[in-house]
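Subject: Structure handover

Hi,

Here is the structure for you to look over. My notes follow below it.

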Amino acid sequence: MAKFNGGSGPSAGTEIKNAIMTGVSWMLPFVIAGAVIMGIARIGASMYGIDNIWDASHGEAASMVVQLLHKFDGFGGMALSLMLPVVAGYISFAIANKPGLSPGMVGGLLASNLGTGFLGALAAGFVAGYIVRALTTWVRLPKALASAGPIFILPVGGTLLTCLVMAFIIGTPLAALNHGMENWLLAMSGANKIILAAVVGGMVGFDLGGPVNKAAVTTAMALLASGIYDPNTAAQVAIIVPPIGLGVATLLWATRFPASLREAGKASTLMGLIGVSEGAIPFALANPKIIIINVVGSATGAAMAVGLGAVNHAPISGFYGWLAVSHWPVYVLSIATGSAIIAVGSLLVFRSENEPENKPVAAAPKFKAGR
């Protein structure tokens, strides 16, 4: 008989950290490409007085330039949509080598479709990697079929099992969490506006596109349609505070961060300015303490904006919409304050000497003939 052998590896803590950093390093080119292309589109559109260039109506605009900018925004969004599949795929790759790539990427794509955000993609990467490793250890085949293991059994079995875990064990509870939080926020809509703003801001900054974030933004949009503007103001501030704060931190003290995150910081700043929170994801993946800092900074900025009377009447967070906000100087000051909190906090958390750049990858699984 034949059996997969995955080989020995580093300690669990080191393996997890290395896997995350491997995923982040492979994800960054997609983040940077998407951010720059989307930035070109949105900054260009702002020169034409357009603050929603992503809207499908601009694809049929009279101006060819506007049509082109609309396509650019779509191209950038397409690149950014690959972030979660890629980070999950390469986390799995770091654990189980090439056979883990397909299960991880498909699991990350499913996490994205389920709306579980980067935390779901993180889970998908580890679930896929360790499922493939388990198959590597326990699946036994006759010698004649040994070559089918790495190219058939591991990718197919690993992908199917990962999708089942994501869909029925991880995805369902997160969907229920999203629904429950929406109802909770709606029930809070009559509460003190500063407290509500802080709660909305903290939720938006927590998982950067995940279920908690989506619950807050969805509720803010629902209340906006009813003429209640404070939750939307809080949400729009909180969307951009983490990427701006983290990006600025890498500019202020670059050596505090690993080289890969220094590059991510440039894209993060741009993404924050155009209203895309995902620029902060590489930092949160690299060090989960950043999640707490993001929550504090986002909640502070959101509460400050609402408490000082700023009102954002539109679901627009990018810089091109700031001047349309009532009391916009206060609004911008609140963004700067929240960003400063995150920048300082991240400088206290990241120490480049503790973030090794070269991460070992698990040995490729092989079939070995048994007696």
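E263 is partly exposed, at a relative accessible area of 41%. Keep in mind that this is a predicted model. The side chain of E263 meets that of K266 in a salt bridge, with 3.5 Å from N to O. K266 is exposed, at 52% relative accessibility. The cut-off for exposed is over 50%, so K266 passes it. Both residues sit in helix α10, which covers residues 259–273. They are three residues apart there, about one helical turn.

**Other salt bridges**

The whole structure has three salt bridges. One of them pairs E15 with R133, at 2.6 Å from N to O. E15 belongs to helix α1 and R133 to helix α5, so this pair ties together parts that lie 118 residues apart in sequence. R133 is partly exposed, at 27%.

Another salt bridge joins D73 and R42. Their closest N and O atoms are 2.8 Å apart. D73 is in helix α2 and R42 in helix α1, so the pair links parts 31 residues apart in sequence. D73 is buried, with a relative accessible area of 6%. R42 counts as buried too, at 11% relative accessibility. Buried here means under 20%, so D73 qualifies, and so does R42.

**The largest pocket**

R42 comes up again here. It is among the residues that lie nearest the centre of the largest pocket. Several helices give two or more residues to it: α1 (12–46), α2 (64–81), α3 (83–96), α5 (117–138), α8 (211–225) and α9 (230–252). Of these, α8 gives the most, with four residues.

The space in the largest pocket is about 720 Å³. By residue class, its lining divides into 16 nonpolar, 13 polar and three charged.

**A nonpolar surface patch**

Next, the surface. L160, L161, L164, F168 and I169 form a nonpolar patch there. Together they have about 520 Å² of accessible area. I169 is found in helix α6, residues 148–188. I169 is exposed, with a relative accessible area of 56%.

**Positive phi angles**

Most residues other than glycine have a negative phi. N97 counts as buried, at 15% relative accessibility.

H327 also has a positive phi, near 60 degrees, and is a residue other than glycine. H327 lies in the loop between α12 (289–307) and α13 (328–349). Is H327 buried or exposed? H327 is exposed, with a relative accessible area of 51%. The cut-off for exposed is over 50%, so H327 counts as such.

**Pairs apart in sequence**

Two C-alpha pairs to look up in the viewer. R256 and L348 are 92 residues apart in sequence. Their C-alpha atoms are 8.9 Å apart in space. R256 is placed in the loop between α9 and α10. R256 counts as buried, at 16% relative accessibility.

M105 and A124 are 19 residues apart in sequence. In space, they are 8.3 Å apart, C-alpha to C-alpha. M105 has its place in helix α4, residues 101–114. M105 is partly exposed, at 29% relative accessibility.

Best regards

Note on methods:
Residues are numbered from 1 along each chain as its sequence is written. This is a predicted model: local features need pLDDT of at least 70, side-chain atom pairs count only at pLDDT 80 or more; totals for chains, interfaces and linings use all residues. Side-chain values use heavy atoms; hydrogens and water are left out. Patches are made of residues with over 30% relative accessible area and no salt bridge: like charges are joined within 9 Å, nonpolar side chains (Val, Leu, Ile, Met, Phe, Trp, Tyr) within 5 Å. Accessible areas come from the Shrake-Rupley method with a 1.4 Å probe; for residues, only the protein chains shown count as cover. A salt bridge is a side-chain nitrogen of Lys or Arg within 4 Å of a carboxyl oxygen of Asp or Glu. Buried means under 20% relative accessible area, exposed over 50%, partly exposed in between (1.4 Å probe, protein chains only). On a 1 Å grid over the protein atoms alone, a cavity is a set of points where a 1.4 Å probe fits but cannot get out, and a pocket is an open set with protein on both sides within 12 Å along at least five of seven lines; lining residues have an atom within 4 Å of a point. Grid points are joined across faces, edges and corners, and a volume is the space filled by probe spheres set on the points. Ala, Val, Leu, Ile, Met, Phe, Trp, Tyr, Cys and Pro count as nonpolar, Asp, Glu, Lys and Arg as charged, and the others, Gly among them, as polar.
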